[in-house]
Amino acid sequence: MKKLEFANNSCKVVSSSASRWLGFRNLQLTSSQDDNIRSTRTQLSSSANSRVGVGRGKGEGIVWPSPNDEIPFWKKELALPSWDVKPEIVEEDEQLIHITHVTAEMAPIAKVGGLGDVVTGLARACLSRGHTVHVMLPFYQCIPKHHVNDLTLITTYDSFHHGSWVQTNAYRGLVSGIPVIFIDPSNHFFKGQNVYGGSYNELEAYLFFSRACLEWMQVTGSQPDIIHVHEWQTGALPLLYWDIYHHLSLKKPRIVLTIHNMEHYGECSKEQLSKCGLDGSVYATIDKAVDDRTIGHNPERLSLLKGGIVYSNAVVTVSPTYLKETLCSGWLSSTLVEHRHKYFGILNGIDTAMWNPSFDFFLPAKFHAQNVEGKRSCKYFVQKGLGLATGEHVLDSTTNIPLVVCITRLVAQKGLHLITRAIKRVEELGGQMIVLGKAPEGHIQREFEGLANLWSEELSHMLYAAADMVLVPSMYEPCGLSQMLGMRYGAVPVVRKTGGLADTVFDMDDHQNQEMANGFVFEGIDEASLDGALDRAFSYFKDKPDEWKNVVRKLMEIDNSWNNTAGKYIEVYDSVRARYY
Ligand code: ADP
């Protein structure tokens, strides 16, 4: 991929060229750095708060930012009250159960992608239906402790790793109204500046974590109805449960596994699996955990995800279309077909309390489906802050230029070549494009050099609010939250038809399905397919302004919340839970 060049003001970059800004961007702070920055933020917050409010649809009272601001506009308010919205009991379910999520990610304190959002959103939705919910999370060194309320040490115990017992602390705290148990081993696991990629063996750390969660339940006598595990990181927990802990004192729990992305399958050797106290060689069979692709190789490998599928009572993936896709392709398909009776596709929801444009703390002006005027101010605010607008008033003509945003991890799955192409095509069409992305791999980071390498929750809220269109050109997409968040903030989705994107976005030009029509969809993975969808979206924006406004309103009224889908998880929980034990 060639280095990207931009002419004039057509594209913007949240970029390393703005390196002065990036000095503030590290969300994973050490505690002393964190304290320093927090005090900077506290000083800022009173003046910053005074310029943010409702009724600013025409931009009155907003101080417009500039790319030359010493502190970039998305860093000015970080008290994050919207992250602390307590779940309220809306309507209690008849049968109330106890669910414990065991997970490697949780938004907002340990979020890398959609997994973190889903755990928090689903947990809050179940709490608001009256259920008891806990989340168990590694106590990553990078967790911003000031986002955890009532953090208290509750248990000190030992958990097994590689022939010895590691002293471990369990802390309890509240995050976004959810009780969280943090597991903190006294060894080097989970230390470092990021959730992933620390200088410890990640596989062994998550094997340890899986066992330490069960060990904690065992020593404290906590027996939830459901232990809900997620992804390969906790794929060994069902094996540990059925082959060790169920023979000890844990009798009641049943296990549900959610697969958020089939690409990561937890490759593991027999010896590594043995480190958590299981006999790895026992699982090296086709009906248990062997990675089918390695059969006959020396050595054969195991897959923690496959083991999790085999040993869980129910397996869920995150959209009905992705369920079908995974039954038809990929090496895990034969295992999934064999376990089809317990395999379900449930569309993710979004947390509509945390993502609410009529209250969103990060937005300079609020808006909702009945009054979208504030969206224009949000757009102008972002355009001004990134140097995409030169005028002095929200009615400046740049707010008539279509603004496309793409907010994504910069990995191959997300269609990097199409993102690159879109930047060029949007420019050719006379629009503006903002990419907010973070590349976990150095070579991708370098390819996008000067373009994007930033993770900012705050900026993501502002960009969804500012955008006319949100682009999601993924090669495959198990569910995708970005298109749903974009819609919630009135941005028209332009997406590739795959996985959950196919379940949530329906093409405007499909005349058979006008009732559902809400975006622009393309099928091919080539540039021409993307161009076709962008061209149609731009024509619609320019030629049919009134219809466009109606679409924006319609999008904001679509209910993609957990209210819609948490009930399906409850049904799955209910179908597997032990009535008597
Ligand atoms: P995935 O889980 O594959 O990363 P999803 O669309 O399911 O993709 O979820 C992505 C989540 O991460 C969304 O909430 C999106 O807004 C957020 N996100 C992605 N990249 C960034 C970024 N660079 N900065 C802030 N938020 C981001």
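Leaving aside its neighbours within four places in sequence, which residues is Ala107 in contact with? The first legend below takes this up, and every view comes from a predicted model.

**View 1. Ala107 sits in the loop between strand E2 (98-102) and helix H3.** Here is the reply to our opening question: beyond the neighbours within four places in sequence, Ala107 is in contact with Gly116, Asp117, Thr120 and Val175. With a relative accessibility of 5%, Ala107 counts as buried. Look also for Val119, which is 12 residues from Ala107 in sequence, with 7.5 Å between the two C-alpha atoms.

**View 2. Helix H3 (residues 114-128) crosses helix H18 (residues 562-576).** The two axes come within 9 Å and cross at roughly 80 degrees, which makes H3 roughly perpendicular to H18.

**View 3. His134 lies in strand E3 (residues 132-138).** Its relative accessibility is 17%, so His134 counts as buried. Neighbours within four places in sequence aside, His134 is in contact with His98, Ile99, Thr100 and His101, and also with Arg172, Pro179 and Ile181. Arg124 is 10 residues away from His134 along the chain, and their C-alpha atoms are separated by 10.0 Å.

**View 4. The rings of Phe367 and Tyr489 form an edge-to-face pair.** Their centres are 6.5 Å apart and their planes stand at 80 degrees; angles over 60 degrees count as edge-to-face, so this pair gets that label. Phe367 belongs to the loop between strand E12 (343-345) and helix H10 (373-385), while Tyr489 belongs to the loop between helix H14 (482-488) and strand E16 (492-496). The pair therefore ties together parts that are 122 residues apart in sequence. Both Phe367 and Tyr489 are buried.

**View 5. Ring pairs link a set of aromatic residues into a cluster.** Its members are Tyr140, Phe189, Phe190, Tyr196, Tyr200, Tyr206, Phe208, Phe209 and Trp232. The count of aromatic pairs comes to 28. For a charge over a ring, turn to Lys145, which lies over the face of Phe139 at 5.2 Å from the ring centre.

**View 6. Helix H10 is largely enclosed by the rest of the structure.** The reason is that 11 of its 13 residues are buried. Those buried residues are Gly374, Lys375, Ser377, Cys378, Lys379, Tyr380, Phe381, Val382, Gln383, Lys384 and Gly385. From its first C-alpha to its last, H10 reaches 19 Å, close to the 18 Å expected at 1.5 Å a residue. Gly387 follows H10 and has a positive phi, near 75 degrees.

**View 7. Ser269 is placed in the loop between strand E9 (267-268) and helix H6 (270-274).** At 10% relative accessibility, Ser269 counts as buried. Apart from neighbours within four places in sequence, Ser269 is in contact with Arg301 and Leu302.

View 8. Of its 581 residues, 62% are buried. Among contacts with a separation of 6 or more, 72% join residues 24 or more positions apart.

How values were computed. Residues are numbered from 1 along each chain as its sequence is written. This is a predicted model: local features need pLDDT of at least 70, side-chain atom pairs count only at pLDDT 80 or more; totals for chains, interfaces and linings use all residues. Side-chain values use heavy atoms; hydrogens and water are left out. Rings of Phe, Tyr and Trp (its six-membered ring) pair if their centres lie within 6.5 Å; planes under 30 degrees apart count as stacked, over 60 as edge-to-face and the rest as tilted. Helices (H or I, at least four residues) and strands (E, at least two) are DSSP runs, numbered from the N terminus. Buried means under 20% relative accessible area, exposed over 50%, partly exposed in between (1.4 Å probe, protein chains only). A charge sits over a ring if NZ of Lys or CZ of Arg is within 6 Å of the ring centre and within 35 degrees of the ring normal. The expected span of a helix is 1.5 Å times one less than its number of residues. Axes are lines fitted to C-alpha atoms, for helices over the stretch in contact, and angles run from 0 to 180 degrees between N-to-C directions. Angles under 35 degrees count as roughly parallel, over 145 as roughly antiparallel, 65 to 115 as roughly perpendicular and the rest as oblique. Contact means heavy atoms within 4.5 Å.
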